[in-house]
Amino acid sequence: MTTTQTPIDPLDVQPTPLALLLLGRESDPRSERGVDCPGDLPAPSDPDLVERARAAKARLGSKVFILGHHYQRDEVIEFADVTGDSFKLARDAAAAPDAEYIVFCGVHFMAESADILTSDRQQVILPDLAAGCSMADMATAEQVAECWDVLTEAGVADTVVPVSYMNSSADIKAFTGRHGGTICTSSNARRALEWAFSKGEKVLFLPDQHLGRNTAVREMGFSLEDCVVYNPHKPGGGLTAEELRAAKMILWRGHCSVHGRFSLDSVEDVRARIPGVNVLVHPECKHEVVSAADHVGSTEHIIKMLDEAPAGSSWAIGTELNLVRRLAKAHPDKTIVFLDRTVCFCSTMNRIDLPHLVWALESLADGKPVNRIQVDAETEHFAKLALEQMLALP
Ligand code: 13P
Ligand code: SF4
């Protein structure tokens with residue numbers, strides 16, 4: 001008996017029932033969610049946007065270096081001098097000392113890190129100030145200072161090394177540097193934790209509980225019982241001194257609103273729809289999703305795995321949709337689908353669009369920089385210690 005298979009459409013995803021992530025409308029300048037963007041933006045319908053972006057970039061020449069995170073829109077990625085995950089882009093920013101302007105097509109914490117790693121002579125520009133990150137917003141400097149007091153009262157602070165995910169504000173990175181810790185990304189989380197455990201007995205992992213738990217349990221042999229979750233909205237983090245003393249990994253109660261949407265159901269559903277499918281997910285996904293997946297890795301790792309995958313193989317990818325769409329287009333010989341049935345863009349990454357990019361580039365070419373991201377000197381000093389520690393990890 002032969003069966004006719006319906007071709008699988010990687011974009012076979014339904015609109016999200018609720019407007020996805022209501023971010024970017026706030027006006028709290030301390031929030032990673034950013035502020036409304038000032039400026040006279042070109043209309044999205046302007047048919048000359050691509051030409052205008054090209055012309056402004058050409059006028060700027062080697063003065064400008066454009067970095068594009070893998071989750072950016074196609075229309076923006078087209079103008080990036082380099083693309084990468086947050087680790088690669090941090091290194092690329094640090095390795096471009098001749099560019100006067102670094103235009104960061106990503107989110108606010110990435111632009112802050114680029115400002116910290118580049119010289120004072122260089123200006124880092126974020127084309128839309130409302131491009132923040134909901135995960136980074138889940139750990140504020142005040143909450144983290146309070147957490148440290150809780151750890152001190154429980155008598156464990158001296159044994160704790162903070163490890164903060166790149167997806168955190170410059171304030172949190174500075175806290176990490178002040179307390180002898182390191183930054184990590186999803187590409188080097190294991191190396192960062194190994195380094196931290198060679199320096200202390202416990203790790204305070206900020207702000208993504210899932211990356212912390214997945215790395216410790218999946219890759220380093222810790223048990224789920226070795227991990228506790230510190231909830232900044234509860235007195236004492238919702239933990240007893242006894243629990244803090246027994247824990248190895250103290251995980252901050254934060255998560256990515258995009259990767260947190262993937263569920264065990266989405267894994268089971270795709271396995272039923274596509275026999276033999278390989279499920280490949282980002283470590284920001286929940287532990288149950290990562291445990292049910294076949295492979296786990298950072299965005300760079302996901303790209304590499306698909307490049308190397310044999311023709312005819314099938315893949316369901318649990319990461320941001322802009323990247324999955326591009327990967328599906330780049331590999332027509334493989335079946336590449338989005339792990340969820342529901343549209344799941346990162347709405348703040350998506351805020352950087354062609355009108356904002358054109359506006360930022362034309363303003364720079366006219367000698368009027370806009371949306372400069374500048375970290376104050378003291379925060380920069382301590383955040384840099386933690387970032388440099390990451391770049392020096394063995
Ligand atoms: P990486 O770039 O480290 O893979 O992280 C993914 C992410 O969520 C960036 O915001
Ligand atoms: Fe933040 Fe998640 Fe968006 Fe990355 S994908 S910027 S962690 S909300």
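Is Asn371 buried or exposed? Asn371 is buried, with 23 other C-beta atoms within 10 Å. Buried here means 20 or more other C-beta atoms within 10 Å of a residue's own, exposed means 12 or fewer, and C-beta atoms are placed from the backbone. This is a predicted model, in which local features need pLDDT of at least 70, side-chain atom pairs count only at pLDDT 80 or more, and totals for chains, interfaces and linings use all residues. Residues are numbered from 1 along each chain as its sequence is written, while chains are lettered from A and ligands numbered from 1 in the order in which they are written.

**Overall build**
- The protein chain holds 15 helices and 13 strands. Helices (H or I, at least four residues) and strands (E, at least two) are DSSP runs, numbered from the N terminus.
- The radius of gyration is 21 Å, close to the 21 Å that the globule rule gives for 394 residues, so the chain is as compact as a globular protein of that length. The radius is taken over C-alpha atoms, and the rule is 2.2 Å times the number of residues to the power 0.38.
- The C-alpha trace spans about 70 × 65 × 40 Å along its principal axes.
- Of the 394 residues, 49% count as buried.

**Sheet S2-S1-S3-S4**
- In this open sheet, 4 strands are paired in parallel in the order S2-S1-S3-S4. Two strands pair if DSSP finds at least two bridges between them.
- Strand S2 (82-84) and strand S4 (123-125) are the edges, each pairing on one side only.
- Strand S1 (residues 64-69) and strand S3 (residues 101-105) run parallel, joined by 5 bridges. Leu67 stands opposite Phe104 in S3.
- Helix H4 (residues 108-117) packs on the sheet and touches S1, S3 and S4. Its direction makes about 155 degrees with that of S3. Axes are lines fitted to C-alpha atoms, for helices over the stretch in contact, and angles run from 0 to 180 degrees between N-to-C directions.
- Helix H3 (residues 86-94) has Ser86, Phe87, Leu89, Ala90 and Ala93 as its buried residues. They pack against S1, S2, S3 and H4. Contact means C-beta atoms, placed from the backbone, within 7 Å.

**Sheet S6-S5-S7-S9-S8**
- Here 5 strands form an open, parallel sheet in the order S6-S5-S7-S9-S8.
- Its edge strands are S6 (182-184) and S8 (227-230).
- S8 is joined to strand S9 (residues 249-252) by 4 bridges. Val228 stands opposite Ile250 in S9.
- Helix H8 (residues 209-220) lies across S5, S7, S8 and S9, at about 155 degrees to S9.

**Ligand surroundings**
- The shell of ligand 1 includes Asp85, Ser86, Phe87, Cys256 and Glu284. A residue is near a molecule or strand if its C-beta atom, placed from the backbone, lies within 6 Å of it.
- That shell divides into 2 nonpolar, 6 polar and 2 charged residues. Ala, Val, Leu, Ile, Met, Phe, Trp, Tyr, Cys and Pro count as nonpolar, Asp, Glu, Lys and Arg as charged, and the others, Gly among them, as polar.
- Ligand 2 has 13 residues around it, and Cys133, Met135, Cys256, Val258 and Cys346 come nearest. By class, 8 are nonpolar, 4 polar and 1 charged.

**Backbone details**
- The peptide bond from Leu206 to Pro207 is cis, with omega near -25 degrees. Pro207 sits in the loop between S7 and H8.
- Asn371 has a positive phi of about 50 degrees although it is not a glycine. Asn371 lies in the loop between helix H14 (354-365) and helix H15 (377-391).

How values were computed
Contact = placed C-beta atoms within 7 Å.
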